[in-house]
Amino acid sequence: MREAPSAAALAEGVLAGRRAVVARALTLVESSRADHRAVAHELLELLAPHTGQAIRVGISGVPGAGKSTFIDALGTRLIEQGHRVGVLAVDPSSSRSGGSILGDRTRMAALTASEDAFVRPSPSGCHLGGVARATREAMVVLEAAAFDVLIVETVGVGQSEVAVAGMVDTFLLLALARSGDQLQGIKRGILELADVIAVNKADGDNLGESRVTARELAIAMKLMFSEDDGAPPQVLTCSARTGDGLPEVWQAVLDHRNQLLASGQLQQRRLDQQKQWMWALVEDGLWRDFRDNPVLQQASPQIEQALAAGELGALEAAEQLLSLSRKRASTTPTADA
């Protein structure tokens, strides 16, 4: 059987921009196997010095807002301008197989066919905001492979979308004209995260309604933002189908990033994101340790049975598992013992 490539060999291939190696590296960082995680950790350390310059954009929006079509149209224009575009399209996961079920690649035909783009569908798993556990690591790989615009597309809108805002420079929210109530059911939390808002599908008979919706959103943002918060996000209209408004939306993204850069906030934002990433890795490691604990693996079926029989409540069952975990941690000998 062919031996798996080393982290050094993978890093060399990624930095050389070899697509097959980039795909293999992304598969590695998405893996939850312990041996894969060890190689992925070494790989990311080798790639990290070659990152930090890309424009990182998160895109979210209500279902049906046309996120994938928008990314396809915008990404194609950016490639024409000389950019290389990496897209992490985070799909809902199958509860049975864990795989992606939407297949964003089918809705990004132009980008998928371009040598200057790399579109990576990724299952969201059980993580809040539809952001896969390895999305941050995947961004490192793509940036090291010289993709200078990174786009993270998330599955929908909700309070948990803070996850994507915590790993990008600019958070772009796509809205629709008059779907449902006037603000389309967008929660206040997602509006507070938005750095730029674009009302998509502003074409044909929908153009007038889209402009009305954009004005309403602009008024809402002014009411939500105080003078201490600075200027509210720009609200624009666009059409991914016709291309109208796309240059203005991209310029708004650049304007926001340039403001952060000029004020020093971009560096601070990325430092804060590193801190968030650290704690996310700690939480992930603790969960894996908890899940793989042999004492808990032995005890959990009996506790689950007692729970199903009504002999234990959820709170008491959880406390028993946590108590076993703490007891094992306190009795595990240290390396110096």
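Predicted model: local features only at pLDDT ≥ 70, side-chain atom pairs only at ≥ 80, totals over all residues.
I started with the rings and found 2 aromatic pairs in the structure.

I checked where the two sit. Phe 118 is in strand E3 (residues 117-123), while Phe 147 is in the loop between helix H6 (135-144) and strand E4 (149-153). They are 29 residues apart, so I noted this pair as a link between distant parts of the chain.

Pair two: Trp 287 and Phe 290 are stacked, 6.2 Å centre to centre with 20° between the planes. Both belong to helix H11 (residues 265-292) and sit 3 residues apart, which is about one turn of the helix. Phe 290 counts as partly exposed because its relative accessibility is 22%, and the buried class needs under 20%.

Back to Phe 147: what lies over its face? I found Arg 84 there, at 4.1 Å from the ring centre.

Then I moved to strand E6 (residues 196-199). Both faces are covered: Val 196 and Ala 198 are buried on one side, Ile 197 and Val 199 on the other. I followed its partners next. Strand E5 (residues 170-175) runs parallel to E6 and is joined to it by 4 bridges; Leu 174 stands opposite Ala 198. Strand E7 (residues 234-237) also pairs with E6 in the parallel sense, over 4 bridges, and there I see Val 199 opposite Thr 237.

Note on methods: Residues numbered from 1 in each chain as written. Heavy atoms only, no water. Phe/Tyr/Trp six-rings, centres within 6.5 Å; stacked < 30°, edge-to-face > 60°. Helix = DSSP H or I, 4+ residues; strand = E, 2+ residues; numbered from the N terminus. Buried < 20%, exposed > 50% of the residue type's maximum accessible area, 1.4 Å probe, protein only. Lys NZ or Arg CZ within 6 Å of the ring centre and 35° of its normal. Pairing = 2+ DSSP bridges.
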